[in-house]
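Here is a short tour of one protein chain for you to follow along with. Take a look at the picture, and then we will go through its features one by one.

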Amino acid sequence: MRALSSPKIIQEELKKGLIWPVYWIYGPERMKSREVLRRIRDAVLGNAPPLGGFSLAETFLDGSKVSGAEVLDSAQSMSLGGGVRFIVIRDAHLVSDIEEISPLLGGPTSKDSLASVCVFLAKDLDGRKKFSKVLMERAAVVNCEEVPERERESWIGYLAKARGLTVSPEITAQLTTLESWCLDLVDQELAKYSIALEAGALDADPQLARDVLLGDFGPQGGADEFLEAFLGQRNLKRSLEFAEALSMSPEDSLPLLGLLAWNVRHLALFLGRSRTLRLNSFLEEKLRRWSRVWSLEEVIQLQERLAALDFSLKQTPKLPLGVWSALVLETLRRTSANR
């Protein structure tokens with residue numbers, strides 16, 4: 001069975017003039033999917049109107065409403081505008097009798113050798129189905145997978161550059177910890193940041209940049225202030241004040257939990273001297289400072305408590321104030337007493 005293709009491999013093939021008659025694009029990163037679709041479309045239709053514009057050679061189908069036989073019929077129909085027929089099937093994982101498209105399958109070739117190109121945009125590729133193996137062997141199956149943590153910083157830089165932005169190491173570090181991280185979310189946050197810059201909203205108070213990206217919560221402070229009070233200073237009184245504020249603001253509670261868990265995980269890796277850890281200078285300095293007041297054993301115990309906190313907030317009727325206060329008290333009282 002042929003290996004899965006990546007967006008980068010598809011891009012290289014298109015530059016060489018090689019186009020597959022069938023593409024099956026799936027995975028959680030929709031921005032990658034859209035970019036692959038755009039590049040394939042440009043290679044097939046050339047100077048056609050932008051994606052979503054009117055083109056006689058282009059057809060869009062809903063996978064929940066068509067069968068494989070209907071896709072085959074559309075692909076074999078003559079293009080009204082001449083040239084290669086370009087068909088996009090959204091929600092392709094819902095297409096019934098998908099094996100009916102078999103006559104369309106084949107290896108990469110030149111544009112002049114093709115009558116049609118079908119791009120299937122799917123949620124996934126069900127490996128249990130026999131036809132999935134056929135697709136793997138005779139179509140371009142492209143996995144638009146999640147961006148690994150180690151690559152997030154470079155992607156943030158790429159998206160910021162595309163918007164003409166220069167973001168500080170502090171902002172970059174915060175963007176890497178967004179809850180439910182994906183490229184679309186990062187781009188959305190950068191758009192908010194760009195609008196705030198253009199409006200001059202950050203000129204008087206650059207600190208507002210952090211609040212624009214991650215929101216503001218807590219007693220006279222935001223995410224950085226809480227992390228510093230809890231992880232940097234081990235300040236019991238200040239951390240309890242934040243716990244009380246968080247219990248009154250559920251929309252801030254879970255995002256902060258994700259941010260806290262991410263920082264604690266990296267602190268554990270830093271204390272364990274992990275060779276796989278790649279840090280920018282801002283985050284490395286922060287972790288080095290925190291590591292002076294935490295041991296690896298304490299951080300591992302904190303990770304366990306955070307997992308329990310996550311379960312309590314999402315799966316039990318326990319009051320948020322009690323859950324957050326218990327985390328702060330158990331962590332800072334016990335670890336301080338053991339020192």
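## Starting on the surface

Let us begin with Arg128, which counts as exposed because its relative accessibility is 76%. Arg128 forms a salt bridge with Asp126, and their closest N and O atoms are 3.0 Å apart. Asp126 itself, at 22% relative accessibility, counts as partly exposed. A salt bridge here is a side-chain nitrogen of Lys or Arg within 4 Å of a carboxyl oxygen of Asp or Glu.

Before we go on, a word about the model: it is predicted, local features need pLDDT of at least 70, side-chain atom pairs count only at pLDDT 80 or more, and totals for chains, interfaces and linings use all residues. Residues are numbered from 1 along each chain as its sequence is written, and side-chain values use heavy atoms, with hydrogens and water left out.

## Salt bridges around helix α2

How many salt bridges are there by this rule? The count comes to 15. Several can be followed from helix α2, which spans residues 30-45. (Helices are DSSP runs of H or I with at least four residues, strands are runs of E with at least two, and both are numbered from the N terminus.) Glu35 and Arg39 meet through their side chains in a salt bridge of 3.0 Å, N to O. The two sit four residues apart in α2, about one turn of the helix. Glu35 is partly exposed at 28% relative accessibility, and Arg39 is partly exposed at 30%. A network of salt bridges links Glu35 and Arg39 with Arg38 and Asp42.

Now look at Arg41 and Glu58, whose side chains meet in a salt bridge of 2.7 Å, N to O. Arg41 lies in helix α2 and Glu58 in strand β2 (residues 58-62), so this pair ties together parts that are 17 residues apart in sequence. Are Arg41 and Glu58 buried or exposed? Both are buried.

## A buried arginine without a salt bridge

Arg152 has its place in helix α5. This residue is buried yet has no salt bridge, and the nearest side chain of opposite charge, that of Glu149, is 4.6 Å away. (Lys and Arg count as positive, Asp and Glu as negative, while His and the chain ends are not counted.) A polar atom of the Arg152 side chain does lie 2.7 Å from the backbone oxygen of Thr176.

## The largest pocket

Rolling a probe the size of a water molecule over the atoms shows where empty space is left. The search uses a 1 Å grid over the protein atoms alone: a cavity is a set of points where a 1.4 Å probe fits but cannot get out, a pocket is an open set with protein on both sides within 12 Å along at least five of seven lines, and lining residues have an atom within 4 Å of a point. Grid points are joined across faces, edges and corners, and a volume is the space filled by probe spheres set on the points.

The largest pocket holds about 530 Å³ of space. It has 21 lining residues, and those closest to its centre are Pro7, Lys8, Lys32, Glu35 and Trp155. Which helix gives the largest share of this lining? It is α2, with five residues. By class, the lining has eleven nonpolar, four polar and six charged residues. (Ala, Val, Leu, Ile, Met, Phe, Trp, Tyr, Cys and Pro count as nonpolar, Asp, Glu, Lys and Arg as charged, and the others, Gly among them, as polar.)

## A cavity and an enclosed helix

One cavity of 30 Å³ or more turns up in the whole structure. The largest cavity has a volume of about 70 Å³, and its lining includes Asp224, Leu227 and Trp262. Five nonpolar, three polar and three charged residues make up this lining.

Helix α9 (residues 223-232) is largely enclosed by the rest of the structure, because eight of its ten residues are buried. Among them are Asp224 and Leu227.

Most residues other than glycine have a negative phi. Asp97 is found in the loop between β3 and β4, and is partly exposed at 46% relative accessibility.

Conventions: Buried < 20%, exposed > 50% of the residue type's maximum accessible area, 1.4 Å probe, protein only. Polar contact = N/O pair within 3.5 Å; in protein donor to acceptor, adjacent residues only side chain to side chain.
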